[in-house]
Amino acid sequence: MRVLGVDPGLTRCGVGVVEGVAGRPLTMLGVGVVRTPVDADLGHRLLAVEQGIEQWLDEHRPEYVAVERVFSQHNVRTVMGTAQASAVAMLCAARRGIPVALHTPSEVKAAVTGSGRADKAQVGAMVTRLLRLSAPPRPADAADALALAICHIWRAPAQNRLQRAVALHTAQATKGRTA
């Protein structure tokens with residue numbers, strides 16, 4: 001499974017590609033940050049994020065895109081930029097028919113470190129260890145993108161089984177009501 005992880009942001013949008021399957025060693029195929037100028041107008045910044053993500057999709061051809069789920073923050077301006085960059089990433093994937101998964105920050109931290117309350121240094125250290133890197137990816141947005149991809153690779157099989165079970169249960173319940 002090849003996953004593009006996206007840590008959305010308007011100034012720095014972390015991107016990282018990981019390949020592998022749960023229970024086996026994972027491989028990092030690429031990591032970086034799509035940057036936009038702080039002084040540019042919003043439309044141009046979103047366009048730059050879109051162009052950057054499209055380049056990553058062209059180069060790495062992921063099977064899935066994992067995006068950090070936007071959560072409520074005290075700074076409305078920050079959460080708006082994050083949500084907008086997140087929407088751009090989802091749009092780029094949807095345009096190509098690539099499935100998108102959203103993972104919360106605590107879900108990603110728990111998957112990678114074992115604790116949903118891990119700090120950025122702990123996430124970076126575990127990403128480094130899991131991908132057998134010589135140093136933590138910098139900036140932290142890049143490490144977070146890799147953590148998102150790792151989280152998806154490890155959690156997708158269980159999530160898919162759960163979705164199939166729910167669909168089967170719903171179909172049987174519907175069939176029972178119409179009989």
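By contact I mean heavy atoms within 4.5 Å. A reminder to myself before going further: this is a predicted model.

**Entry: around I150.** I looked up what I150 touches, leaving aside its neighbours within four places in sequence, and found V18, L26, V112, V127, L130 and L131. I then checked the largest nonpolar core, which has 18 residues. I150 is listed there with V18, V127 and L131 as the residues with the most contacts inside this core. Which helices each supply at least two residues of this core? I noted α3 (105-113), α4 (120-130) and α5 (140-178). The largest share, seven residues, comes from α5. I also found a second, separate core of 17 residues, which includes L4, V17, I53 and W56.

**Entry: α3.** Next I asked which residues of α3 are buried. They are P105, E107, V108, A111 and V112.

**Entry: α1 against α2.** Here I went to the helix pair α1 (residues 42-60) and α2 (residues 76-95). Their axes come within 9 Å and cross at roughly 40°. Angles under 35 degrees would count as roughly parallel, and α1 and α2 are therefore oblique to each other. I recorded the crossing of α1 and α2 as right-handed. On the α1 side, the contact is made by L42, L46, V49, E50, I53, E54 and L57. From α2 I wrote down Q84, A85, V88, A89, C92, A93 and R95.

How values were computed. Residues are numbered from 1 along each chain as its sequence is written. This is a predicted model: local features need pLDDT of at least 70, side-chain atom pairs count only at pLDDT 80 or more; totals for chains, interfaces and linings use all residues. Side-chain values use heavy atoms; hydrogens and water are left out. A nonpolar core is a set of buried Ala, Val, Leu, Ile, Met, Phe, Trp, Tyr and Cys residues joined through side-chain atoms within 4.5 Å. Buried means under 20% relative accessible area, exposed over 50%, partly exposed in between (1.4 Å probe, protein chains only). Helices (H or I, at least four residues) and strands (E, at least two) are DSSP runs, numbered from the N terminus. Axes are lines fitted to C-alpha atoms, for helices over the stretch in contact, and angles run from 0 to 180 degrees between N-to-C directions. Angles under 35 degrees count as roughly parallel, over 145 as roughly antiparallel, 65 to 115 as roughly perpendicular and the rest as oblique. A crossing is left-handed if the near helix is turned anticlockwise from the far one by less than a right angle, and right-handed if clockwise.
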